[in-house]
Amino acid sequence: MFRAAVVRKLGERLVVARQAPAELGSYDVRICVAGCGVNFADVLMAAGKYQEKPPLPFSPGTEVSGTVLEVGTGVKGFKRGDRVLGLLGGVGGFAEQVVTNESMLFAVPDGLDLARAAAIPVSYGTAYVGLTRRARLQRGETILVTAAAGSVGLAVIQLAKHLGATVIAAAGSAEKLELCRRHGADHVVNYREEDIVKAVKGATEGAGADVVFDMVGGDVLLQTLRCVAWEARLVVCGFASGDIPKIPANLLLVKNVSAVGLFWGAYAKRDPAVLHDSIVKTLELAASGVLQPHVSGKFDIAKANEAFDFIATRKSTGKVIITGEGH
């Protein structure tokens, strides 16, 4: 038996329960979980406010790291004791043990802290696909990142700098902006106190941002469209404000701006190679020290509700991790 934090009724607190190990299929791998990344989507899913609604009861969490306990008879690429990173297809990660298919596992390079490795897949995979595939960011361009002190925001900053871009980070407090600077931002904007349009135009000598990577939505997104460059690309990645805006098409037209969506998890079904490549590439960059995940909080499974509260009240920066016993 092992512990798991479970959603029994949408909108209510998680319950820690003991569960029996699941049966292992021929190509499945059982993992002793060191860490599970907590995403805002997990908070929304537990509240019943996410676009995907798994059947009750379920454990949130889709990205885990840990050590292989057992492999199915058909598994060739992994063995007991291997350090791995795994994707779970949406749920199941807030547990001390998980089972996933071999195809969704990745070897964790030596030198990477095992629990901290759980901070990589969703955040850095999203940033990688967003920058290289959706925005097609080029060396020498300028990118504006909103919610920049969050897990995806910091990943975007680090990857954009690696790709040779100038980064303008927008966040809601001086402390968060200082964190963005430490992770590589060239310019910062406090959008609770400053005019985004004036700040971005000032930082770019009036040219505007070539790429906007937005995770806030609402009025913030609308303001970013007024400080973009000719043929800019807007990447819509989330609505942390809770406000899904209507984008004025005339603002896209006058500067030939492209607006594209980014739902990284959808690649698991529609184009798995894209998702797989994003994790492999970012793991390599993390192992070499180019990418350094920032973890602002670690919570034992028994304190999973506190982890949710930490994120929901906007106290977190970077990633929050749920850990198993001993981690």
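Strand 6 (residues 97-101) gives the largest share of the lining of the second largest pocket, 4 residues. Strands (E, at least two residues) and helices (H or I, at least four) are DSSP runs, numbered from the N terminus. The model is predicted, so local features need pLDDT of at least 70 and side-chain atom pairs count only at pLDDT 80 or more, while totals for chains, interfaces and linings use all residues. Residues are numbered from 1 along each chain as its sequence is written, and side-chain values use heavy atoms, with hydrogens and water left out.

The volume of this second largest pocket is about 270 Å³. Its lining has 16 residues, and Gln19, Gly92, Gln97, Val98 and Val99 are the closest to its centre. By type, the lining holds 10 nonpolar, 5 polar and 1 charged. Here Ala, Val, Leu, Ile, Met, Phe, Trp, Tyr, Cys and Pro count as nonpolar, Asp, Glu, Lys and Arg as charged, and the others, Gly among them, as polar. A pocket is an open set of points on a 1 Å grid over the protein atoms alone, with protein on both sides within 12 Å along at least five of seven lines; a cavity is a set where a 1.4 Å probe fits but cannot get out; lining residues have an atom within 4 Å of a point. Grid points are joined across faces, edges and corners, and a volume is the space filled by probe spheres set on the points.

The largest cavity holds about 50 Å³ of space. Ala119, Ser123, Tyr124, Ser151, Leu154, Pro293, His294, Gly318 and Lys319 line it. Helix 2 (121-134) and helix 3 (151-162) are the elements that give two or more residues to this lining. The lining divides into 4 nonpolar, 4 polar and 1 charged.

Turn to the cores. In soluble globular proteins, nonpolar side chains tend to be buried together. A nonpolar core is a set of buried Ala, Val, Leu, Ile, Met, Phe, Trp, Tyr and Cys residues joined through side-chain atoms within 4.5 Å. Buried means under 20% relative accessible area, exposed over 50%, and partly exposed in between (1.4 Å probe, protein chains only). The largest core has 50 residues, and Ile143 and Phe213 have the most contacts inside it. Helix 3 gives the most to this core, with 7 residues. A second, separate core has 36 residues, including Val29, Ala46, Phe58 and Leu88.

Thr146 sits in the loop between strand 8 and helix 3. Thr146 is buried, at 1% relative accessible area. Leaving out residues up to four places away in sequence, Thr146 touches Ala170, Tyr191, Phe213, Asp214, Met215, Val216, Val220 and Thr224. Contact means heavy atoms within 4.5 Å. Val29, of the second core, is 117 residues from Thr146 along the chain, and their C-alpha atoms are 37 Å apart.

Helix 10 (residues 304-312) has buried residues Ala304, Asn305, Ala307, Phe308, Phe310 and Ile311. They pack against strand 1 (2-6), strand 3 (28-38), helix 1 (40-47), strand 14 (295-300) and strand 15 (319-323). An α-helix has 3.6 residues a turn, so residues three or four places apart point the same way. Arg314 follows helix 10, with a positive phi near 60 degrees.

Where else does the backbone stand out? Most residues other than glycine have a negative phi, and most peptide bonds are trans. Glu205 has a positive phi near 55 degrees. Glu205 lies in the loop between helix 5 (196-203) and strand 11, and is exposed at 77% relative accessibility. Asn256 has a positive phi of about 55 degrees. Asn256 lies in the loop between helix 7 (249-254) and strand 13 (258-261), and is partly exposed at 41%. The peptide bond from Leu56 to Pro57 is cis, with omega near -10 degrees. Pro57 belongs to the loop between helix 1 and strand 4 (63-71).

Last, the cysteines. The structure holds 0 disulfides. A disulfide is a pair of cysteine sulfur atoms within 2.5 Å. Cys36 is buried, at 0% relative accessibility. For Cys237, the closest cysteine sulfur is in Cys180, 15 Å away and too far for a bond. Cys237 is partly exposed, at 21%.
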